[in-house]
Amino acid sequence: MSLLQELQDRSSNQCELCASKDNLKIYEVPPISTGGVDGSLLACETCIDQIENPENTDANHWRCLNDSMWSEFRAVKVVAWRMLNRLKKEGWPQDLLDMMYLEDEELRFAEATGEHLDESEKVIHRDSNGAILQAGDNVVLIKDLKVKGSSMVAKQGTAVRRISLDPENAKYIEGKVDGQTIVIISDYVKKMSEKE
């Protein structure tokens, strides 16, 4: 069974956030999704657009979280928690957050993007050129890096896709090189453009 079919079965073929039945797509939850059913959800174009483009957020659309925040599925709970945090200045989302419960592992996943922090609390990750890095960005190594604890050398020019950010250290990012997740110092990477 394909991932799309599994998500359609799980969700009764409707958006797992707002219950819309139109324009449904797979949404992989960043920063580095585990993929598969556990790291993805079925969402409509409206929800995905507002998740990915905060400037398009319509607070009233997200009143649907009153129901979807109780989902038994990790990916749905994590996105609901992130959106409630984004909207907490509206008032009503804070009441829902106060009622919501996430297991420790779910909470770590939900906090991984740092969206719940105020601007003053956020750790800003920058590449070697000073460009701001976001969770899910693609970067390229600008020098050969010896991977501690192994004989592996990550070569200059290696693309590292869908990075995650260390929430406590602005110099550390994580990504997969040759199928192995490694910690990389942000001074040794350059952000890739959308076209690369």
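In the predicted model, helix H4 (residues 74–86) and helix H5 (residues 92–99) cross at roughly 140 degrees, and their axes come within 8 Å. H4 is therefore oblique to H5, a term for angles that are not under 35 degrees (roughly parallel), over 145 (roughly antiparallel) or 65 to 115 (roughly perpendicular). The crossing of H4 and H5 is left-handed. Trp-81, Leu-84 and Asn-85 of H4 make the contact with Trp-92, Pro-93, Leu-96 and Leu-97 of H5, contact being heavy atoms within 4.5 Å. By class, this contact of H4 with H5 has six nonpolar residues, one polar residue and no charged residues.

H4 also packs with helix H6 (residues 104–111), at an angle of about 50 degrees and with the axes 9 Å apart. H4 and H6 are therefore oblique to each other, and their crossing is right-handed. Arg-74, Lys-77, Val-78, Trp-81 and Arg-82 of H4 meet Glu-105, Glu-106, Leu-107, Phe-109, Ala-110 and Glu-111 of H6 in this contact. The contact of H4 with H6 has five nonpolar, no polar and six charged residues.

The charged end of Arg-82 sits over the ring of Phe-109, 5.5 Å from its centre; this arrangement requires CZ of Arg or NZ of Lys within 6 Å of the ring centre and within 35 degrees of the ring normal. Lys-143 lies over the face of Tyr-188, 4.8 Å from the ring centre.

Residues are numbered from 1 along each chain as its sequence is written, and side-chain values use heavy atoms, with hydrogens and water left out. Local features need pLDDT of at least 70 and side-chain atom pairs count only at pLDDT 80 or more, whereas totals for chains, interfaces and linings use all residues.

Terms used:
Axes fitted to C-alpha atoms, helices over the stretch in contact; angles between N-to-C directions. Helix = DSSP H or I, 4+ residues; strand = E, 2+ residues; numbered from the N terminus. Left-handed = near helix turned anticlockwise from the far one by under 90°. Nonpolar A, V, L, I, M, F, W, Y, C, P; charged D, E, K, R; others polar.
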